[in-house]
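Here's a quick briefing to read with the model open beside you. Have a look at the fold, then work through the notes.

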Amino acid sequence: MLWADVSAESFPGIDGFLGTRASFMLDVVFLAMLLIVPVLCWSVYLVRYRRNYALHKKIQLTTGLVLLLAVVAFEVDVRFFSDWEIRAELSPYYQVDSWSTVWTALSIHLLFAVPTPLIWAMVIIRALKQFPSPISTGKMSPRLAHGASHRRWGYLAVAGMIMTAITGWVFYYLAFVAS
Ligand code: HEM
C-alpha cells in the first residue's frame, strides 16, 4: 500500500507539510537542517577568507538559538504528541516489535545528534568567554589566543552538525518516505 493512501487522521499528532508520513515537527527539523548546513559553511567562509569575525559571531549565535528552539519543540512533539513508530509502520524498512533498518539508521543518527548540541554549547560558551567583544574584524585582525582551540572544536562542531543532518535525512527517508 502506498503511504499516500493512508488518511491524515490515522496518525496521532499534527501531520507534516512535505507530503510524507512525518509529523509537523519532523518536517520543521528536516527543513531547518537543510537551511543550517549552507549557512554554517557560509559562516566558516566568512571567518576563514574574509576575517569577518563579527558576522560569524552573529550567525553562530542565531543558528545556535534556532537549533535550541527546534530541538526543544521537536523533543516535546516526539515524546508527548506524535508517535514516530506508528508513522514508520508502513515503511518496508520497519518492523513492529523487532530490530529493523530504521532502528539501525536512528541509532547511527543519534551517535551524532546527541553529542553535537553539547559540542555546540561548549564552543559557543567558550567563544563568548574567551574572545574580546567587540571582535575586531578585517584583514589586519590579529590571531586570537583562543583561536587555535576554537578552530579545532569549531570544525568538529561543523562536522558533527553536517553528519547529524545527513544521518537524519537517511532516517527520515527510510521511516517516512519509503514505501
Ligand atoms: C557552534 C558555534 C561555532 C562554530 C561551529 C564556529 C566555527 C568556527 C570555525 C570552524 C572557525 C575556523 C575558521 C578558519 O579556518 O579560520 C572559527 C573561527 C572563529 N570563530 Fe567561530 N564558531 C562558532 C561560534 C563562534 C562564536 C560565538 C564566536 C564569537 C564569540 C566565534 C568567533 C570566532 C573567531 C574570532 C574565529 C577566528 C579565530 C582565529 O582564527 O583566531 N565563533 N569558528
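This is a predicted model: local features need pLDDT of at least 70, side-chain atom pairs count only at pLDDT 80 or more; totals for chains, interfaces and linings use all residues.

Residues are numbered from 1 along each chain as its sequence is written, and side-chain values use heavy atoms, with hydrogens and water left out.

**Helix 1**

- Helices here are DSSP runs (H or I, at least four residues), numbered from the N terminus.
- Helix 1 covers residues 24–50, which makes 27 residues. From first C-alpha to last, helix 1 reaches 38 Å, close to the 39 Å expected at 1.5 Å a residue (that is, 1.5 Å times one less than the number of residues).
- Buried residues (under 20% relative accessible area, with exposed over 50% and partly exposed in between, using a 1.4 Å probe and protein chains only) in helix 1 include M33, I36, V37, L40 and V44. D27 and S43 are also on the buried list.
- An α-helix has 3.6 residues a turn, so residues three or four places apart point the same way.
- Among the elements covering the buried residues of helix 1 are helix 2, helix 5 and helix 6 (147–177).

**Helix 2 against helix 5**

- The axes of helix 2 (residues 53–81) and helix 5 (residues 115–130) come within 11 Å and cross at roughly 140 degrees. Axes are lines fitted to C-alpha atoms, for helices over the stretch in contact, and angles run from 0 to 180 degrees between N-to-C directions.
- On the helix 2 side, K57, Q60, L61, T63, G64 and L67 make the contact (heavy atoms within 4.5 Å), and they meet W120, I124 and L128 of helix 5.
- Sorted by class, that contact of helix 2 with helix 5 has five nonpolar, three polar and one charged residues. Nonpolar covers Ala, Val, Leu, Ile, Met, Phe, Trp, Tyr, Cys and Pro; charged covers Asp, Glu, Lys and Arg; the others, Gly among them, are polar.

- Most residues other than glycine have a negative phi, and most peptide bonds are trans.
- R51 is partly exposed, at 22% relative accessible area.
- D97 also isn't a glycine, and its phi is positive at about 65 degrees. D97 is found in the loop between helix 3 (84–88) and helix 4 (101–113) and is exposed, at 79%.
- S133 and P134 are joined by a cis peptide bond, with omega about 0 degrees; P134 is in the loop between helix 5 and helix 6.

Conventions. Helices (H or I, at least four residues) and strands (E, at least two) are DSSP runs, numbered from the N terminus.
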